[in-house]
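Please work through the exercises below with the sequence and the 3D structure open beside you. Each task is followed by a solution in steps.

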Amino acid sequence: MKTVKSAAPSTDNRWRIVDAAMRRLGFQPHALIETLHVTQETFGFLDEDALRYIAATLGVPLSQVYGVATFYRAFTLKPKGAHHTCVVCTGTACHLKGLPEILAALEAELGLSPGGSTPDGKAALMTARCLASCGLAPAAVFDGKMVGNLTSATALKRIRQWVEHES
Ligand code: FES
């Protein structure tokens, strides 16, 4: 019988509810969406530790978990409220391949910093420690779509499109 493979992010008893759901679903990758629903219902939102735990336990790539969690409006990642979400990877490979310049450009051009939103609240910027796509560094997930070899220009263009086209 399969068991939970990795330790829960904290000793919070609410993780037992999530573990029970994953167990009921056989710890299979196809349990991802339902597990995310249960986690959100239990905690009220999804954060990086939760996504990492679910990815490790179900054997789903972290980039895919971020993709699903940011694609469906039903899921709420911190920070709340933004319609669009960009998750940039702050892992070593991405850092060395130019992430600091990208973050500086987002801050300077759009007033967007990690953990925050654009001044109009339409786009939020989050960080992940590693999206497990280091060969594509620097990498980010834009509303569920993994983008590799990211540049400042590409990141600015994608986020400007969200801000300008969102009514
Ligand atoms: S360090 Fe960025 S994807 Fe691994």
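**Exercise 1.** In which loop does Asp-143 lie? State also whether Asp-143 is buried or exposed, or in between, and with which residues Asp-143 is in contact.

*Solution.* This is a predicted model, in which local features need pLDDT of at least 70, side-chain atom pairs count only at pLDDT 80 or more, and totals for chains, interfaces and linings use all residues. Residues are numbered from 1 along each chain as its sequence is written.

Step 1: Asp-143 is found in the loop between strand E3 (140-142) and strand E4 (145-147), where helices (H or I, at least four residues) and strands (E, at least two) are DSSP runs numbered from the N terminus.

Step 2: Asp-143 is partly exposed because 15 other C-beta atoms lie within 10 Å; buried would require 20 or more and exposed 12 or fewer, with C-beta atoms placed from the backbone.

Step 3: Leaving aside neighbours within four places in sequence, Asp-143 is in contact (C-beta atoms, placed from the backbone, within 7 Å) with Thr-70, Phe-71, His-84 and Thr-85.

**Exercise 2.** Describe how domain 1 and domain 2 touch.

*Solution.* Step 1: The domain assignment, automatic or from a database, gives domain 1 (14-71) and domain 2 (84-165).

Step 2: Across the boundary, 9 residues of domain 1 are in contact with 11 residues of domain 2. Helix H4 (residues 62-71) supplies the largest share of the domain 1 side, 7 residues.

**Exercise 3.** Which residues does the cis peptide bond join?

*Solution.* The cis bond joins Ala-137 and Pro-138, with omega about -5°, and Pro-138 lies in the loop between strand E2 (123-128) and E3.

Conventions: Contact = placed C-beta atoms within 7 Å.
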